[in-house]
Amino acid sequence: MSENLETKGRLSEGKLIAISMWAIGHYFAMGVANAYFSYFLTNVVYMDPGDMGTLMFVVRIASVCIVPFQGAFFQNHMRLPGWKKVGKYRMIAFVFAPLVALFSVFTFTAHPEFSDTAKFFYYLIFYFLFYWFYGFPQNAYQTMMPRVGNSYDTPRVTGHRAIFSSTAAVLYSVSCMP
């Protein structure tokens, strides 16, 4: 009888793999965004390297400043008009994933014809929006992980995520080697 209760409600291997696939997407999305963006700005858009460094610094500092806002969103301290429950363990955070895709398209759209000032502010705005909206689905995924499955599934989910993260690191390293 106790064996039956312990095995009831376990996640299938397919569901574990689906849950763990986020690790590959996360690794590649942020790897490309961080590694390729500086190359993109200097060699495709022809932005001055000093401006590119300033832009990336400003976005990283701004992204640190928005973390309390994202925390308030996920801990349900912030209410949007007309919404009863928002935040931790709520699937609403995943609607931001299409916005991440949209802002990444704008971030990696070349506009070499813009003036230097226009380039700086265009890429500053869209790179910041990409970072900002990326945090919502990422944090939703991270906060929901402890709630997935039962006590038997928690180490299995953690192990699968570690395997997929390591695989992504190897694939990313091999694909980005010169």
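**Exercise 1. Find which elements of the protein chain have the lowest and the highest mean pLDDT.**

Solution. This is a predicted model, so start with confidence. Helix α1 (residues 2-7) has the lowest mean pLDDT, at 40, while helix α3 (residues 49-65) has the highest, at 90. Next, look at residues 1-7: pLDDT is below 50 there, and apart from near neighbours in sequence the stretch makes one contact in the model. Finally, zoom out: the chain averages a pLDDT of 77, and 75% of the residues score at least 70.

**Exercise 2. Work out what helix α2 (residues 13-44) should span, and check it against its end C-alpha atoms.**

Solution. Then follow the helix along: α2 bends by about 40° at Tyr36. Its buried residues include Leu16, Ile19, Ser20, Ala23 and Ile24, and also Phe37, Phe40 and Leu41.

**Exercise 3. Decide whether His111 counts as buried or exposed.**

Solution. First locate His111: it sits in the loop between α5 (96-107) and α6 (116-144). Its relative accessibility is 17%, and buried means under 20%, so His111 counts as buried. Now list its partners: leaving out residues up to four places away in sequence, His111 touches Val45, Lys119, Tyr122 and Tyr123.

Methods:
Residues numbered from 1 in each chain as written. Predicted model: local features only at pLDDT ≥ 70, side-chain atom pairs only at ≥ 80, totals over all residues. Heavy atoms only, no water. pLDDT = per-residue confidence, 0-100. Helix = DSSP H or I, 4+ residues; strand = E, 2+ residues; numbered from the N terminus. Contact = heavy atoms within 4.5 Å. Expected span 1.5 Å × (residues − 1). Bend = angle between axes of the 7 residues up to and from the residue. Buried < 20%, exposed > 50% of the residue type's maximum accessible area, 1.4 Å probe, protein only.
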